[in-house]
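Welcome, and please open your viewer.

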Amino acid sequence: MGKKKPRPRRSFTPEFKAEIVELCRRGDRSVGQIAKDFDLTETAVRDWVKQAEVDAGQRDGLTTSEREELAALRRENRRLREDVDILKRATAFFAKETR
């Protein structure tokens, strides 16, 4: 018995996710059945439902826009730290050169 190959990472449109969440909210099928019907993982579907509840204000947590803003701020912070590090090294280099 061989190991299963990991599934390649897929991305889905917000419209597709909203459609899946709506199917889950209707309640005619279980989350597991919906996930199976659309060849999705049950965990992913549950996460989409949870995030939709957060975005609608029904649950505590970071909304989608807040998550996007946080990710952008973290990227900017990392870039600025790298810039400062480069400037520190350049300063140290030129300080040695002038002595």
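This is a predicted model: local features need pLDDT of at least 70, side-chain atom pairs count only at pLDDT 80 or more; totals for chains, interfaces and linings use all residues.

## First stop: an exposed lysine

Start by selecting Lys-36, which lies in helix H2 (residues 31-37). Helices (H or I, at least four residues) and strands (E, at least two) are DSSP runs, numbered from the N terminus. Lys-36 is exposed, with a relative accessible area of 65%. For that term, buried means under 20% relative accessible area, exposed over 50%, and partly exposed in between (1.4 Å probe, protein chains only).

Residues are numbered from 1 along each chain as its sequence is written, and side-chain values use heavy atoms, with hydrogens and water left out.

## Zoom out: the whole chain

Show the chain as a cartoon and you will find four helices and zero strands. Along the sequence the pattern reads α-α-α-α. The chain has a radius of gyration of 23 Å, well over the 13 Å that the globule rule gives for 99 residues, so it is more spread out than a compact globule. That radius is taken over C-alpha atoms, and the globule rule is 2.2 Å times the number of residues to the power 0.38. The C-alpha trace spans about 80 × 45 × 20 Å along its principal axes. Of the 99 residues, 14% count as buried.

## Where two helices cross

Next, select helix H1 (residues 14-26) and helix H3 (residues 42-55): they pack at an angle of about 90°, with their axes 9 Å apart. The axes are lines fitted to C-alpha atoms, for helices over the stretch in contact, and angles run from 0 to 180 degrees between N-to-C directions. H1 and H3 are therefore roughly perpendicular to each other, a label for angles of 65 to 115 degrees; under 35 counts as roughly parallel, over 145 as roughly antiparallel and the rest as oblique.

Which residues in H1 meet H3? Show Phe-16, Lys-17, Ile-20, Val-21, Cys-24 and Arg-25 in H1, which meet Val-45, Trp-48, Val-49, Ala-52 and Glu-53 in H3. Contact means heavy atoms within 4.5 Å.

Keep Trp-48 selected. Not counting residues up to four places away in sequence, Trp-48 touches Phe-12, Phe-16, Lys-17, Ile-20, Val-21 and Leu-40.

## Into the core

Trp-48 also belongs to the largest nonpolar core, which has twelve residues in all, including Ile-20, Leu-23, Ile-34 and Leu-40. Such a core is a set of buried Ala, Val, Leu, Ile, Met, Phe, Trp, Tyr and Cys residues joined through side-chain atoms within 4.5 Å. H1, H2 and H3 are the elements that give two or more residues to this core.

- Select Gln-51 in helix H3. Gln-51 is buried, with a relative accessible area of 17%. Leaving aside neighbours within four places in sequence, Gln-51 is in contact with Leu-62, Thr-63, Thr-64 and Arg-67.
- Move to Asp-39, in the loop between H2 and H3. Asp-39 has a positive phi of about 55° although it is not a glycine, and Asp-39 is partly exposed at 44% relative accessible area.
- Finish at Leu-87, found in helix H4 (residues 64-98). Leu-87 is exposed, with a relative accessible area of 56%.
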